[in-house]
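Hello,

As promised, here is the structure for your files. My notes on it follow below.

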Amino acid sequence: MEITLNWYLSLSAVLFVIGVLGVLLRRNAIIIFLSVELMLNAVNLTLVAFSQAFADVDGLVLVFFVMSVAAAEAAVGLAIVIALFRNKTTVDVNEMSLFRG
C-alpha cells in the first residue's frame, strides 16, 4: 500500500487542529508551548510532503528554518515560564497578570 500525498496532508491538518485547540482551550503555559510546537511540526510535515511529492528541496530548507525557530522559541518560552513560575508558583496563564497595566 502506497501512502499518498493526501494522507500526509490529512495527518498534518489533524495535528495542526489539535495544536490550535490546545492553544485556544488550555490555560497551562507549558501545554500551550507544546501545542505551538505541534502546529510547527504539522507545517513541517506538510513542507516535507510537498517537497517529496514535487521532488524539490526548497521545502526541506524551509523545514530547517522552522526547526531553528521552534528551538529558539522553546528555549525562550520555557525560560519565561520558569521565571514566571518562580514568582507566581503557577503556570496557569489566567493567573499571570504581570504584564497587565
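Predicted model: local features only at pLDDT ≥ 70, side-chain atom pairs only at ≥ 80, totals over all residues.

I begin with helix H1 (5-25). The face of H1 turned away from its buried side carries exposed residues, namely Asn6, Trp7, Leu24 and Leu25. The buried residues of H1 are Ser12, Gly19 and Gly22. Viewed down the helix axis, these buried residues fall within an arc of 85 degrees, so they line one face of H1. They pack against H2.

Next comes helix H2, residues 29-54. Its 26 residues should span 38 Å at 1.5 Å a residue, which agrees with the 38 Å between its end C-alpha atoms. The buried residues of H2 are Ala29, Ile32, Ser35, Glu37, Met39, Ala42, Asn44, Thr46, Ala49 and Ser51. These pack against helix H1 and against helix H3 (58-88).

Both ends of H2 have something to look at. After H2 comes Ala55, which has a positive phi, near 55 degrees.

Ile30 itself lies in H2 and is partly exposed, because its relative accessible area is 37%, between the limits of 20% and 50%. Which residues does Ile30 contact, leaving aside its neighbours within four places in sequence? They are Val81 and Val91. Ile30 is also 8.8 Å from Gly77, C-alpha to C-alpha, although the two are 47 residues apart in sequence.

Last, the aromatic rings. A search of the whole structure finds two aromatic pairs. One of them is Phe50 with Phe54, a stacked pair at 5.9 Å centre to centre and with 5 degrees between the planes. Both residues lie in H2, four residues apart, about one turn of the helix. Phe54 is exposed, since its relative accessible area of 58% is over the 50% limit.

Regards

Definitions and conventions. Residues numbered from 1 in each chain as written. Heavy atoms only, no water. Phe/Tyr/Trp six-rings, centres within 6.5 Å; stacked < 30°, edge-to-face > 60°. Helix = DSSP H or I, 4+ residues; strand = E, 2+ residues; numbered from the N terminus. Buried < 20%, exposed > 50% of the residue type's maximum accessible area, 1.4 Å probe, protein only. Expected span 1.5 Å × (residues − 1). Contact = heavy atoms within 4.5 Å. Arc of directions from axis to C-beta.
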